[in-house]
Amino acid sequence: MTVDSIAVMGGRPANFSDIAGGANADNIYAHAKLILEKSDKNPEVKAVLITLTLVAHSMKLSIDAIIKAIKEVRPRNIKLVANVRAAGAAKKEMDVDGAKAALTAAGVIWLDSLENAIKKCIHVSGREWN
């Protein structure tokens, strides 16, 4: 749905990674690091959208792994934009406000809805949403 939404709204997704609920911190970190490295080196990529919809998987585990990758890669050529939603057990150790604070402190632009996060990525990429 995210890739389709980006395309419908005028963006051009470069790639997509989906990590299912069974992923551990190492898997999430490795995926985030790979996407950040490749995206930062590709002059056509201007933004990376971080969107999480969590129910059973730990938000803290996911956010910590993503921030670890951001700090290691230290992307210079791309903007990082995020929208995170969670329910139930996912919020046990960290709620959405905690995720927002942690990602913002790591230099990520936080938007309160997926639609606004997509619009921001498209704007940063030089393609205005109509």
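Author: Axes here are lines fitted to C-alpha atoms, for helices over the stretch in contact, and angles between N-to-C directions run from 0 to 180 degrees. Helices (H or I, at least four residues) and strands (E, at least two) are DSSP runs, numbered from the N terminus. The model is predicted: local features need pLDDT of at least 70 and side-chain atom pairs count only at pLDDT 80 or more, whereas totals for chains, interfaces and linings use all residues. Residues are numbered from 1 along each chain as its sequence is written, and side-chain values use heavy atoms, with hydrogens and water left out.

Reader: How do the axes of helix α2 and α3 lie to each other, in distance and in angle?

Author: Two packed helices are described by the angle between their axes and the distance between the axes. For α2 (residues 25-41) and α3, the axes come within 8 Å and cross at roughly 40 degrees. The contact (heavy atoms within 4.5 Å) includes A25, I28 and Y29 of α2 and L61, S62 and A65 of α3. By class, this contact has 11 nonpolar, one polar and four charged residues; Ala, Val, Leu, Ile, Met, Phe, Trp, Tyr, Cys and Pro count as nonpolar, Asp, Glu, Lys and Arg as charged, and the others, Gly among them, as polar.

Reader: What is the hand of the crossing of α2 and α3?

Author: A crossing is left-handed if the near helix is turned anticlockwise from the far one by less than a right angle, and right-handed if clockwise. The crossing of α2 and α3 is right-handed, so the near helix is turned clockwise from the far one.

Reader: What makes D26 count as exposed?

Author: D26 belongs to helix α2 and has a relative accessible area of 56%. Exposed means over 50%, buried under 20% and partly exposed in between, with a 1.4 Å probe and protein chains only; D26 is therefore exposed.

Reader: Why is T2 called buried?

Author: T2, in helix α1 (residues 2-8), has 16% relative accessibility and therefore counts as buried. Leaving aside residues up to four places away in sequence, T2 touches F16, L49, T51, L114 and I118.

Reader: How do you know that K91 is partly exposed?

Author: The relative accessibility of K91 is 39%, so K91 counts as partly exposed. K91 is placed in the loop between β2 and α4 (96-105). Beyond residues up to four places away in sequence, K91 touches M59 and A86.

Reader: How many bridges join β1 to β2, and how many join β2 to β3?

Author: Two strands pair if DSSP finds at least two bridges between them. Eight bridges join β1 to β2, and two join β2 (residues 79-86) to β3. Both counts reach the limit, so both pairs qualify. A47 stands opposite K79 in β2, L80 is the bridge partner of V48, and V81 faces I109 in β3.

Reader: What makes β1 and β3 the edges of the sheet?

Author: The three strands form an open sheet in the order β1-β2-β3, with parallel pairing. β1 (47-54) and β3 (109-110) each have a single partner strand, so one side of each is left without a neighbour in the sheet. As for β2, six of its eight residues are buried, which leaves that strand mostly covered.

Reader: What hand has the crossover from β1 through α3 to β2?

Author: A crossover is right-handed if, with the strands pointing away from the viewer, the path from the first strand over the helix to the second runs clockwise. This β-α-β crossover is right-handed. Helix α3 (residues 59-73) lies across β1 and β2 and runs at about 165 degrees to β1.

Reader: What sets R74 apart in its backbone?

Author: R74 is not a glycine, yet its phi is positive, at about 50 degrees. R74 sits in the loop between α3 and β2.
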